[in-house]
Amino acid sequence: MHQLGSGVQNAGKGLAECAAQLRAILNEVELTHPGVAAIARIGQWLTEQAPDLYRRRDLAYEAEKVDVDVFGNPLAGAVVPAGMAQIDESRIIPARVRAEAAQAAPLFAAAARGDAGALEKLAAFKGRLSDPQFATALIEQLGPQGLLALPATMGTRVRKALDADRDSAAAIRRQNRDVLSMLSKALAAATDPTKNAHLNRKFIEEFKRQGRTEIAAPDMGGLTNPGYWSLGQILAAAPKEAYSEWFMRTIGQDMIRWDRDYLKEHRTRFLPKDTDVYNLPAPIDTRPFQDSDVIGAADPIAALMTVASTSRERAQALLDNKDLLKYLMSDRRPQWEMGDRGESLGEAMEAAMKGADADSKRLAVMATQILADEVQPHVSFNDAGELEIQNPSELDRLSGIRDNMGRILAEHTGDIVSSYYKNYARAKDGEFTGIVDGRPIAEFSPPDIDLVLLDVAADEKGYQALLFGQIAHMRGRIDQAIAAHDNTFLQNVITNDSKALGHLLEARKLALVGRGKEADATDAAFRKMVEEGIGLVPIPFAGQVGKVGLKAADTIYENFVKDGYAKAGNWLVEQAGHGGGKTAKGFGAAASDQKAAEQMVKQMLESSSVAHGYYDRGGLKEQPFVENDPPQVKAPHRMTRYEYDNFVSWLDRHSRVPDNFGSAQTKAKTGADEFKINIGGPEQKAGDDD
């Protein structure tokens with residue numbers, strides 16, 4: 001193919017020269033002949049075909065994974081397999097498309113330099129950027145080095161504007177975002193291997209090499225930035241762009257490796273801010289911190305994480321490497337502190353780990369182990385048995401992931417409750433998940449979970465997600481057990497969920513006390529929910545159990561948490577009146593976490609007993625808490641205080657609630673004691689003083 005391409009190219013050149021010579025001779029004698037034009041057209045046609053022959057050659061080498069030099073020839077020692085290679089003809093980009101891309105490429109370079117006319121002309125190509133053929137031709141035309149040089153050129157303009165007139169920098173950055181977002185769209189289309197045209201392996205290898213190369217900024221006295229920093233700016237300009245999973249595994253993971261290698265070599269990070277007058281600033285405004293207008297550092301890895309977080313598949317493809325995930329959650333903490341404190345990492349982790357699929361659960365266990373190892377060295381107990389958190393500011397460097405970890409673990413509440421019961425040892429690599437009843441489960445170890453809870457519960461949003469998830473799980477399981485009239489199942493639910501709730505409430509208390517905050521305020525949110533009757537709210541559609549039969553009941557409870565445990569818990573809070581005072585309180589304020597937990601279980605037992613008729617009907621008539629004829633017990637969350645007090649007294653004599661409630665008492669205290677032991681507290685038998 002190489003010889004054929006060369007021959008056709010030379011033939012085209014020869015015919016073009018022949019036509020030129022014939023035309024010159026005929027001009028001397030003032031004659032013309034149509035054959036001259038025909039020869040010229042044939043020569044032009046041959047010249048145009050040669051590149052396609054070379055591209056077929058490249059596709060053949062790519063199909064056979066043969067490494068080639070910059071001219072397309074096999075490298076020394078490369079083995080070209082004998083026989084024919086099958087290539088995909090649809091990947092041949094038409095010459096017309098390549099010609100259009102050749103027109104667009106210099107416009108990007110001109111726009112990066114501030115040419116307003118070039119930016120206007122680029123508007124004509126916006127609709128073509130998601131076309132894989134045009135996008136691939138464009139990125140190839142720019143080349144790895146040319147593409148990665150554009151953000152450096154833009155950064156130069158911003159630096160000069162900041163030094164001269166800061167107000168003009170904002171307009172320049174808006175223009176830069178327009179240009180970079182177009183490049184990002186093209187790059188995403190050109191790196192999707194499922195499309196009929198995409199960048200080849202040779203280009204990608206050169207792209208990765210350029211990512212590690214220092215690129216000089218024009219007119220900046222030798223100032224340079226790494227190529228991957230430039231890629232980060234392209235990604236940051238279009239945070240919702242749909243890059244392929246292949247891009248995340250190939251370029252994305254290599255970008256993280258570069259970041260790790262750069263840190264080891266230089267011990268510093270290229271994370272410039274606008275205030276760093278001797279550095280190249282970001283060409284666009286960098287991502288601000290949560291709930292703040294402060295401009296952070298131009299962090300290319302944060303930009304990568306933000307793009308990955310747009311889908312579960314992208315995030316899993318990027319984070320599915322334990323060594324790289326450990327680097328991001330451990331060694332990179334000082335760099336996250338310079339930027340968004342890991343908020344972008346948390347978003348990617350949540351996208352990758354919150355699902356019910358096996359990969360989500362596997363990655364959640366992996367992340368839990370890594371975070372537990374980070375927290376453990378900071379935990380100690382003094383001679384009085386009181387928890388002390390050493391250097392919490394070091395843990396706070398990655399505070400941005402806490403709310404995400406809270407939502408991640410909330411969605412795995414069922415697995416966490418089971419882990420406390422089964423007391424798993426720390427899982428080895430490759431054994432993070434198991435299968436129960438045909439479904440994947442995450443095999444967390446209790447010490448790992450509790451160390452992570454100690455960190456996550458310091459964050460209000462993270463704790464709330466965990467609490468809502470636990471409440472929703474307990475509410476659904478208690479209702480399911482009572483609907484089935486399965487008292488053994490009910491006893492297990494009460495025991496295991498109450499203990500798990502005890503772990504969480506103790507984590508919240510110690511997380512805040514260990515940071516110098518008052519213990520009395522730590523559980524106020526939980527007590528408020530119980531006061532508002534969160535346990536009295538019936539499961540939606542639970543009344544259908546009697547109509548559809550117990551076999552179909554599972555579906556009802558799955559639907560209750562179909563959008564996630566945390567969301568189901570939030571719904572319960574809103575229905576109970578905590579979010580808007582919709583219902584009256586059913587009892588006075590609970591005095592402690594333990595009492596509140598006991599009271600909540602009692603509420604759930606009462607509400608479900610009514611919903612599923614789990615009581616005898618003696619003495620029901622004429623009671624103030626009934627309605628309809630024949631008499632039916634009102635839903636407890638709709639009762640007045642007077643009605644509720646009478647209902648509780650009646651239920652004590654006509655149901656199993658008192659017995660079940662008795663078994664629930666002290667379980668939260670047992671969970672709290674287990675928590676302290678799991679995080680390295682004084683050795684004692686859990687629940688000694690029950």
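Reply: Buried means under 20% relative accessible area, and exposed means over 50%. The model is predicted.

Me: Is His654 buried or exposed?
Reply: His654 is found in helix 27, residues 641-654. The relative accessible area of His654 is 16%. The cut-off for buried is under 20%, so His654 is buried.

Me: Which side chain makes a polar contact with the side chain of His654?
Reply: Leaving aside neighbours within four places in sequence, His654 is in contact with Tyr615, Asp616, Gly618 and Gly619. The side-chain polar contact of His654 has a distance of 2.5 Å, and the partner is Asp616.

Me: How is helix 11 oriented to helix 14?
Reply: Helix 11 (residues 312-319) and helix 14 (residues 343-353) pack with their axes 7 Å apart, at an angle of about 110°. Angles of 65 to 115 degrees count as roughly perpendicular. Therefore helix 11 is, to helix 14, roughly perpendicular.

Me: Which residues of helix 14 meet helix 11?
Reply: By class, this contact has 6 nonpolar, 1 polar and 1 charged residues. Helix 11 brings Arg312, Ala315, Gln316 and Leu319; helix 14 brings Ala348, Met349, Ala351 and Ala352.

Me: How many aromatic pairs are there, and what is the geometry of Phe560 and Trp571?
Reply: Ring centres within 6.5 Å make a pair, and the count comes to 10 aromatic pairs. The rings of Phe560 and Trp571 have centres 6.3 Å apart and planes at 80°. Planes over 60 degrees apart set the class, so this pair is edge-to-face.

Methods. Residues are numbered from 1 along each chain as its sequence is written. This is a predicted model: local features need pLDDT of at least 70, side-chain atom pairs count only at pLDDT 80 or more; totals for chains, interfaces and linings use all residues. Side-chain values use heavy atoms; hydrogens and water are left out. Axes are lines fitted to C-alpha atoms, for helices over the stretch in contact, and angles run from 0 to 180 degrees between N-to-C directions. Helices (H or I, at least four residues) and strands (E, at least two) are DSSP runs, numbered from the N terminus. Angles under 35 degrees count as roughly parallel, over 145 as roughly antiparallel, 65 to 115 as roughly perpendicular and the rest as oblique. Contact means heavy atoms within 4.5 Å. Ala, Val, Leu, Ile, Met, Phe, Trp, Tyr, Cys and Pro count as nonpolar, Asp, Glu, Lys and Arg as charged, and the others, Gly among them, as polar. Buried means under 20% relative accessible area, exposed over 50%, partly exposed in between (1.4 Å probe, protein chains only). A polar contact is a pair of N or O atoms within 3.5 Å; within protein, one must be able to donate a hydrogen and the other to accept it, and residues adjacent in sequence count only if both atoms are side-chain atoms. Rings of Phe, Tyr and Trp (its six-membered ring) pair if their centres lie within 6.5 Å; planes under 30 degrees apart count as stacked, over 60 as edge-to-face and the rest as tilted.
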